Amino acid sequence: MRQKDNFSYQDPKSARITFDEWDDLFDQIPDNIIEKFCYFPPNDATWAKYLFPPQTFAIYGARHLRRLKFDNSLAALRLWGFVNNEVERLFRAQQIGKKVIAVMGDLGPLAIIISAFPECVPFYPDCWWWTPFAMESRVLLKTAEDLGIPEATCYSRAALGAFVKHSYFPDPDLIIAATGASCDDYSGVQSLVAQLTGNVIWVETPLRQSDDISETIELLVSEYHRVIKSLEELTGIRLTEDLLKQAIQRANLVRKITARLRDLAFTHAVFPAVEMMLIEFGCLHFYSDITEWINILHHLLNTAEHRTRTNQAVLPLSSLHLAWLTPPADPLLLCTAEDYGARIVATEYVINQALAPIENSLPPLVAIARSHLFGSLNGTSAERAELLIRQSTKNSAEGLIISGLLGGSHCAMESKLIGDIVRDRLGLPVLEFDVAPPNREIDRQTLTRIEAFMELLRSRRCAKS
Amino acid sequence: MALIEYKKIAHLREERIAELKRLRVTGKKVVGYFCLYVPVEVIQASGAVPIRLARGDNSAALLGERHLRPDACPFCKSTLGKLTTDPLYQLADALVFVNTCDMMRRLPEVVRNVVDIPVFQIYLPRTAEDFPNRLNEFLRQLEKMMNFLKTLTGVDGLPRLTSTITEYNRLRQALKALDETRIQEPPPVKGSEILDLVLLATLLKSEDVIELISEKMPHQPVNSQPALPRVLLAGSILTEEDRRTITLLEKELAIVADTICTGTRFFTETVEVKDDPLIALANYYFNLIPCAFRRPNDRLYDFTHKLIAERLVQGIIYKTLLYCDPWRFEVQTHRTKLQLPVLEIDSDYSEKNYQQLRTRIEAFAEMLKSK
């Protein structure tokens, strides 16, 4: 799994640094390294470079970066550059003749099938849900509201706004919308996108029921066959089993490295929470370029292992140990929790299905279907709670934060249930709050609640010791 | 003059509850269900009494907030409250759910913490195109449901399924015939009466409802109300307690059509049995005029268009439950696709906005009259 880095640059001692500090640090990175990193590799075209300091992306609209704290490694800079460059990458993909495929709502498996087609680039409009926060702008949300989406719904409605604006990603060559065991908010977004574009393939994502799942797998496989047929028609390429197996292999590599990174982050605090959230979300769609994403993950892993060997935790290991349920659309919340003396040691970001390895011994589509079916959203809330309980126990979590969304369908139904299960089973204090709309800073009420929660955890730790 | 006095409807409900209590003493099982997509025929053929639990009020919803966040669906919250307080709900020996919307899908898990009775959840594919594997999966769900009910009642429902389907088809046809009189001007049957009858049809024995309808079937207009603006009612589930809002609407408007699951969508189509009755049911329920949550839901709009054209609808009353995403997301589409004025009413079962609502309805009616 390990790939040797060959960079003539040595990371400073690990630390969380500010936006301005990254500007200063960036000056020390040699030009030959800056020019080395290109998307859609192998490729050394000038347009394909993406290593820039956060300042560059802030100028282009990601204003929230100015308020975040970042890991100071070259690997993390590469991660941020790559993530922030996705918009440009998608437009470029279409310009150079690739097919850009929007995958909505399936949270993992379809992107693998699409990436098996050599010239197809899958991306998740769902992931534009944090764009309003990154940009400190409600434009996308307002646009979605103008099309009829109520205000009290998941921030994933930003995806609809992005479709309307035509400037966040190119008009996709194909849109695949998965619905079924998913939230109502996003299903509604998909329905409006379908009306807007008139070009959507609907895919069923079934519930995971406790009895025999073989027929459910069969259903999913038949859904995948329809998707494949459409992609074959679109690209003129016939999907072979070999191509599919290679795609699975690549996805498994992503998942394997991610799992290792999570393990090191949770046990040795090798990366801060925001970077780790970005890494987890990479398992969904590889930020529209799986080859370079794998390179970045190798780079991150090398950094993480080096830090582990040299005891360079980016946060004090003695920080309060937190479990976190549901990814906060506002990354500043994760930074804030760390600023208040915590670190994240367990996550259930609703994408756990994209973290588990896909079985190699099964026919490829069956294996993908199985991984799909075991998704966090396909099962029960109790199963999501179990995921948290296992991680929390292993990594000695001391409290659980549930960041919800007002009006988000599964938050409304699940948050209390999961919180109660974790509280009852592990005796952990639980803090639940809704992520407030995009703003320059976290609202005072939420800050006070986080601060008070940390105080509580600290006093519990003192009482125990 | 009302087709059936509301007092009589209330009396029939009370009588039925008393009858169900007696039946339970004799060992008969009562199965509560929550959604139009539950094949009632299977419940009845399996020897149980199906009752649709379609009540919702604010006090029950507040009780439900012990288990759910305040921003959960009011119907789900109310259901949780009613399971421990409402005599009708407490008659249920088992509950059947469908994973319609996300909130209803997750409700059984919470219900299991509230009451200790068997719960079954049907997984209905949310995608509405009837591809063979989707239909097969739904058929498998109905087979599982049949086994669940057999365990509950000890009765194999299959032998009686065809006759039960016929019985329900008769019920639907009777309701449909009555509903179609609403095409007249003025409509001889009020929208509220159709809603009352559908709710009765999901509580009483089918033959009793058919008899009631045939007794009351208007052969000539009986509502000598002045010509009111003709509206279609759309949106989330309407419960018995929503009657107050409907009555308020009918002071100013004639509800000549609806696309509500506790209204017209219950009886618009009948089950066609060719060979296997369970396959027929699977086909029927899978392909019902879709609730807004299904994807794509174009057929819902085709159906609405047809009603609008046939019944000379002038405006739409769009009544949703607060946080009911599947229906609330469709408001704008109703406006743009149907090109009619829409009055949107969002409710959490609280009646605090009653006077404001009255004003809005009056203003909407005025606007329709002036067009």
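Begin by selecting the two domains of chain A, where 46 residues of domain 1 are in contact with 46 residues of domain 2, two residues being in contact if their C-beta atoms, placed from the backbone, lie within 7 Å. This is a predicted model, in which local features need pLDDT of at least 70 and side-chain atom pairs count only at pLDDT 80 or more, while totals for chains, interfaces and linings use all residues. Residues are numbered from 1 along each chain as its sequence is written, and chains are lettered from A in the order in which they are written.

For the selection itself, domain 1 of chain A takes in 26–46, 75–83 and 242–464, and domain 2 of chain A takes in 86–239; these bounds come from an automatic or database domain assignment. The C-alpha centres of the two domains of chain A lie 21 Å apart.

Next, on the side of domain 1 of chain A that touches domain 2 of chain A, colour helix 12 (241–268), helix 13 (273–285), helix 16 (364–373) and helix 18 (409–426), each of which supplies at least two residues; helices are DSSP runs of H or I with at least four residues, numbered from the N terminus. Helix 16 of chain A gives the largest share of that side, 8 residues.

Now move to chain B, of which 34 residues are in contact with 41 residues of chain A. On the side of chain B that touches chain A, helix 5 (102–114), helix 6 (132–153), helix 13 (325–328) and helix 14 (331–338) of chain B each supply at least two residues, and the largest share, 5 residues, comes from helix 5 of chain B.
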